[in-house]
Amino acid sequence: MFPLQLKKLIYILFILIFSLHKSQAYTLDELDRITEEYRKSGKMKDIIDINKKALAQYQKQNNKEGIVLASINISNYLVINTEHKESLLYLEKIEKDIEEIENPELKSRFYGGYGRNYCYLGMYELSNEYFNKAIKYGEQILDKDKRKRRLYLCYSWKNLNFKELKITDSIKLMERKCLALSPTPFLYASIAERFLDEKKHLDSAEYYLQKGYTLNKKFSLYEKGLFFYNYGRLYTEKKEYKKALGYYLQAKPIFEKTKSLSERRITYDKIYRTYKTLNDVEKADEYYKKYAFLTDSISRRERKAINIPIKNIAEEKDEQKKDEKFQLYIVIIFAVLASILTFYFIRKKNLKNQRQKDKIIDENQQETIKLKKRANPIIFNEVKELAKNADPFFLTRFKEVYPEFYENLISQYPTLTSNELKFCALLRLNLSNKEISQYENLSIRTIETKRYRLRKKMNFSSDTDFNKWIMEL
């Protein structure tokens with residue numbers, strides 16, 4: 001009997017040990033290490049999976065630091081896949097936990113997560129505000145290596161924002177700060193990009209690409225894709241299009257594997273344009289369709305996400321309007337109890353307030369239009385570039401980007417010709433007469449005549465603001 005009982009005891013102990021092992025969550029350092037290994041090898045889906053599993057374990061244990069870390073990791077890699085709405089929701093869920101923990105590294109990562117999203121959404125100044133908060137907490141990290149890495153990442157993202165804002169001095173300042181902390185392949189690729197964007201000093205661009213490539217042992221798969229892409233850009237500027245195409249085609253599968261949608265989109269664009277230059281119409285059309293499809297997909301995701309930062313602004317304005325209404329009711333009560341003369345002045349004041357409200361509503365509509373353009377400047381600039389180059393794809397692409405405008409226009413005025421529709425499209429892009437005359441290679445006088453004839457055909461009165469009508473359609 002004794003050996004049998006001993007066997008049962010050993011079996012039970014084994015089961016208990018195994019159960020404890022299975023229920024044990026990763027330590028924060030272990031989760032970071034595994035996440036970084038997956039990032040370098042481009043296993044983005046595995047990053048999401050392992051952090052979701054860790055998040056579930058941390059939630060069971062009520063481990064707030066673990067919950068914050070896993071949520072931030074998931075949020076960061078949803079950004080890469082342009083799933084900004086989901087990424088921002090993960091950050092919103094841990095706002096209370098962030099306030100309660102005393103971990104400067106996690107606080108820095110948290111604010112950096114917001115900064116990444118707003119950078120991708122085109123809100124560059126707002127993004128920099130969050131990265132400034134991330135830097136503030138990053139400077140408080142005691143571990144030297146972790147502090148350097150966190151500050152380096154913040155400066156790198158601010159560098160991207162300043163590039164979009166075209167603030168050259170700030171770009172160079174961020175580059176110097178990054179170089180002082182940790183020269184990396186990504187940094188050298190970024191400096192090379194600056195020279196390629198300026199379309200001058202190609203020898204400097206090539207120098208930094210070669211310098212970064214010497215660090216290839218430190219490459220992540222994503223960084224390798226960046227180097228192939230930028231080498232492609234370098235040879236495009238040198239007009240060595242076949243060599244450029246070779247590099248773009250090497251970058252393409254890397255960005256497809258790492259789920260880097262933004263990089264895939266711009267790579268498809270470069271491949272399409274290179275094939276077009278090489279007169280390979282079939283291949284150019286194939287990659288233009290891929291580029292257009294991906295652009296629309298990214299645009300839809302950005303439109304979903306943009307409501308989150310706008311929601312906070314709207315809530316503030318709603319509170320302000322409630323306060324205004326309450327004050328107005330108080331004034332009306334006192335006015336009724338006063339004389340008819342007082343009522344007259346109150347009524348006059350209300351009419352003035354109504355005009356101000358109408359003005360505010362109109363300004364808010366214009367701000368919304370501007371915000372949408374800022375949140376998706378790539379598409380707007382692309383359509384404008386097609387117009388500028390008199391590209392035959394212009395009207396087709398315009399219909400894809402502004403489907404509601406186009407459908408409303410033709411439903412109200414079905415007799416408009418294709419030239420008249422194109423002219424309306426140019427006005428919808430908020431182009432001036434001078435810009436339209438340059439793009440269409442016509443005199444300003446001719447453009448003014450076209451505008452006059454179009455107003456007449458559409459039966460607009462002389463006191464109607466035609467441009468405003470077009471923008472609000």
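**A helix pair and its surroundings**

Tutor: The crossing of helices H13 and H14 is left-handed. The model is a predicted one. H13 covers residues 221–237 and H14 covers residues 241–257. Their axes come within 8 Å and cross at roughly 160°. An angle over 145 degrees counts as roughly antiparallel, so H13 and H14 are roughly antiparallel to each other.

On the H13 side they include Leu 221, Tyr 222, Leu 226, Phe 228, Tyr 229 and Tyr 235. On the H14 side, Tyr 241, Ala 244, Tyr 247, Tyr 248, Ile 254 and Phe 255 are among them.

Now the nonpolar cores. The largest has 80 residues, and Val 68, Ile 94, Phe 110, Tyr 114, Tyr 118 and Tyr 155 have the most contacts inside it. Helix H4, residues 64–80, gives the most to this core, with 9 residues. Leaving aside its neighbours within four places in sequence, Phe 110 is in contact with Ile 72, Leu 91, Ile 94, Glu 95 and Ile 98. Another core, of 30 residues, lies apart from the largest one; Phe 398, Leu 421, Leu 427 and Ile 470 are among its members.

Last, the cysteines. The count of disulfides is 0. For Cys 154, the nearest cysteine sulfur is that of Cys 178, 9.7 Å away, whereas a disulfide needs sulfur atoms within 2.5 Å. Cys 154 is buried, with a relative accessible area of 3%. Cys 178 is also in no disulfide, and at 1% relative accessibility it counts as buried.

How values were computed:
Residues are numbered from 1 along each chain as its sequence is written. This is a predicted model: local features need pLDDT of at least 70, side-chain atom pairs count only at pLDDT 80 or more; totals for chains, interfaces and linings use all residues. Side-chain values use heavy atoms; hydrogens and water are left out. Buried means under 20% relative accessible area, exposed over 50%, partly exposed in between (1.4 Å probe, protein chains only). A nonpolar core is a set of buried Ala, Val, Leu, Ile, Met, Phe, Trp, Tyr and Cys residues joined through side-chain atoms within 4.5 Å. Helices (H or I, at least four residues) and strands (E, at least two) are DSSP runs, numbered from the N terminus. Contact means heavy atoms within 4.5 Å. Axes are lines fitted to C-alpha atoms, for helices over the stretch in contact, and angles run from 0 to 180 degrees between N-to-C directions. Angles under 35 degrees count as roughly parallel, over 145 as roughly antiparallel, 65 to 115 as roughly perpendicular and the rest as oblique. A crossing is left-handed if the near helix is turned anticlockwise from the far one by less than a right angle, and right-handed if clockwise.
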